[in-house]
Amino acid sequence: MSPSVPLQEMIRAIRSARTQCEERGVIQRECAAIRAQFRQADNEGRSHNLAKLLYVHMLGYPAHFGQMECVRMIASPRYSEKRVGYLGAMMLLDEKQDASLLITNSIKNDLSHSSQFVQSLALCTLACMGSAEMCRDLAPEIDKLLRSSNSYIKKKAALCAVHIVRKVNELGELFAPAARSLLSEKNHGVLHGAVVLITELCERSPETLERFRKSVPELVHIMKGLVLSGYSPEHDVAGISDPFLQVRILRLLRILGHNNEVASDAMNDLLAQVATNTDSTKTAGNAVLYETVLTVLDIKSESGLRVLAVNILGRFLLNNDRNIRYIAMTSLQKIVGTDHIAVQRHRGTIVDCLKDPDASVKRRALELSLALVSASNIRSMMKELLNFLSTCPLELRAQAASGIFAAAERYSPSQRWHIDTILHVLTTAGGDVRDETVPNLIQLITTASELHCYTVHKLYRALLQDISQQPLVQVACWCIGEYGDLLLKGDCQEIEPVQVNENDVLDALETVLQSHMSSPTTRGFALTATMKLSTRITENVDRIRSIVSIYGSCIDLELQQRAVEYNALFKKYDHMRAAVLERMPIMEKNSTGQTNGETTGELVKEVQPVKVIQGQPPTQPPASQVCDLLDLLGDSNDSGKPSSSSAQSSNNTSSPGGDLLDLLGGLDLMPPTPVPTIPVYEKNGVNLTLSCQKQSETSLIVTLTASNSTDADITTFTLQAAVPKSVQLLMKAPSGDHLPACGTVKVTQVVVLNNPNKVNLKMRIRVSFTSQGVAFQDTVQVDSLPECR
């Protein structure tokens, strides 16, 4: 192929290649010809060759050898060459390459060029790939162009200023006066650029935000002009006058009105006007309405206006477009805690979305439905959620089951309803529930004394029907072991009585023990239940003894140990068997507010202390025995009185163990020095603190502690850290990824740093989590670590 072929012929040759190898051959030959012509001093087809090279770059082939040609063409006085040169610079150069610094002077010269098109090329290039150094050098030139009389240039300069502010935050003060003056422009392009620039300035500087709050009336006036204006062919999109500018203004108003009552009052009437006058049958109108809703919900708006915003989201739920339904439910999820009653009005529509074929919409509908459950609608909502659980996809079953458990524990109208609901979930999706479900349900059953007979009958029937759901089988085995005598009586009044004999019960437990579907934990429950039945039945004790003895040689160590100990009870300690296997006393939770196995207190206890409600209290050892035990290291008289050393100690105690506790008496023990901590991140309800402890001269341990101050649980919480290259970093496994509400349980992340060069330690931390179905991700930098000890 000739080196001088036009661009169209080169494209045609590349597209006609039948194999990738043939395509590479065509491109290699053309690149060789372009490289040879670049080396010629007098090359009239430079722009033509660079255009072909840019096409090669778009196909993914290397084109870096054309970077210097871009620099030379930008310095050319001809507009045709400048245009291709600037285009090549935007595609082939970036701020990390040294060649980009060579075009700084050319851009500066072109920014003051007499042609607006040359100025536009320079502005676009700077806004696309300008580095921080280039932005600092050329910022005064951009500020001059913001004040020019040419609307075409002011629009480009405003967007270029946005890039400069993002690169160099402190340059925002330079553009603030010019940005405010642009709001008086009539050109929509200039207004759009001005609003984007002001939004960027307000998001990055609280002082600038306070200054621009005075411009709220001006923004309201511009927005009213757009809403009330007639048909304008230049800006009309589906019957909406410039929806792009309207959306930008609404976003800026949301920032200016956040936590400010004066600014919010100034825009309330406008927002009501936009919400009622915007056409919701077209996508452009829905975009404006959605931004209006977000603004209303984020500022200090009137209650009636908030209800109107929620009703708009309710109309979105009826839209045929799944994307609109999805964003509607996402927005409702954010406000369900503050506007619960308004969202409740759309409960029926939200529940209907559980049947949506789209997986994302279905997930959002589930989260929102769970958030709408209250004491007044618990029965009706739970019926819908249980129906959904039986047909929902596998990936949603765990989330649905956990949400149902939490709602049932919080709003259950009765203990029987609570037990029935949990058993229904275990029967439907037992394999997808959390591990805490089994001990929580057992604790609930023990407290419902009047329902023991009802529960054991119901669980026995469920066990006969299906033994594949392991949590259900575990609870059933536990109940049969505890209340097997009630099952054998068969006189339950709340359920249809079933005649069950001892052999039937033992057959069911033996089926669980022998089933290949039973996990080791389930077999442990079944073996213990079988052993407990030895004190509750009278005729089949020998069969129980033989079942237990079989598992004394089981390959599972835990099961083998249990069987050996139970065999010992039969042989050596048979006189103690009835006392050891007596019915468990009623257990009560140590802390209130447990939900689905997750405690809200800081102390998490898997096995709670039990308080004996029924039956005789456990016998206490004589006081003299306690004294003898505690007096191993002291002098104790036979009467059990405190010894002389105990009486003379500074901490006078009347307990029998006073001598043992006084071994360190007289020492002035200083309390441990607290480890200094610093706050690192406080946003969206997550509070993250950092503390460090020196391990050696070059290594230290950094502990990150996170807590949740909101009323909603935070899930998928992860922390990532980065340090300078010379520092070695080792992140250990976190204590968890779930932050319960109200800061009840904290998550800790330990990071080990090795600093052999003893450089100044800095750490960049990325925080990621999900709250109320919304994913958050932020990055913070710690420039100095607290003093280590």
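**Close-up 1. A cluster of phenylalanine rings in the predicted model.** Phe-717, Phe-769 and Phe-776 form a cluster, joined by ring pairs. The structure shown here is a predicted model. The aromatic pairs come to 5 in the count.

**Close-up 2. The ring pair of Phe-38 and Phe-65.** A pair of aromatic rings is described by the distance of the centres and the angle of the planes. The ring centres of Phe-38 and Phe-65 are 6.5 Å apart. Their planes stand at 55 degrees, so this pair is tilted; planes count as edge-to-face over 60 degrees and as stacked under 30. Phe-38 belongs to helix α2 (residues 20-38), while Phe-65 sits in the loop between α3 (46-58) and α4 (67-74). The pair therefore ties together parts that lie 27 residues apart in sequence.

**Close-up 3. Accessibility of Phe-38 and Phe-65.** Phe-38 has 11% relative accessibility and so counts as buried, the cut-off for buried being under 20%. Phe-65, at 21% relative accessibility, counts as partly exposed.

**Close-up 4. Helix α9 beside helix α11.** The axes of α9 (residues 151-167) and α11 (residues 188-204) come within 8 Å and cross at roughly 20 degrees. The two helices are therefore roughly parallel, as angles under 35 degrees count as such. The crossing of α9 past α11 is left-handed.

**Close-up 5. Residues in the contact of α9 with α11.** On the α9 side, the contact includes Ser-151, Lys-154, Ala-158, Leu-159 and Arg-166. On the α11 side, residues in contact include Gly-189, Val-190, Leu-197, Glu-200 and Arg-204. By class, this contact has 10 nonpolar, 3 polar and 5 charged residues.

Terms used
Residues numbered from 1 in each chain as written. Predicted model: local features only at pLDDT ≥ 70, side-chain atom pairs only at ≥ 80, totals over all residues. Heavy atoms only, no water. Axes fitted to C-alpha atoms, helices over the stretch in contact; angles between N-to-C directions. Helix = DSSP H or I, 4+ residues; strand = E, 2+ residues; numbered from the N terminus. Parallel < 35°, antiparallel > 145°, perpendicular 65-115°, else oblique. Left-handed = near helix turned anticlockwise from the far one by under 90°. Contact = heavy atoms within 4.5 Å. Nonpolar A, V, L, I, M, F, W, Y, C, P; charged D, E, K, R; others polar. Phe/Tyr/Trp six-rings, centres within 6.5 Å; stacked < 30°, edge-to-face > 60°. Buried < 20%, exposed > 50% of the residue type's maximum accessible area, 1.4 Å probe, protein only.
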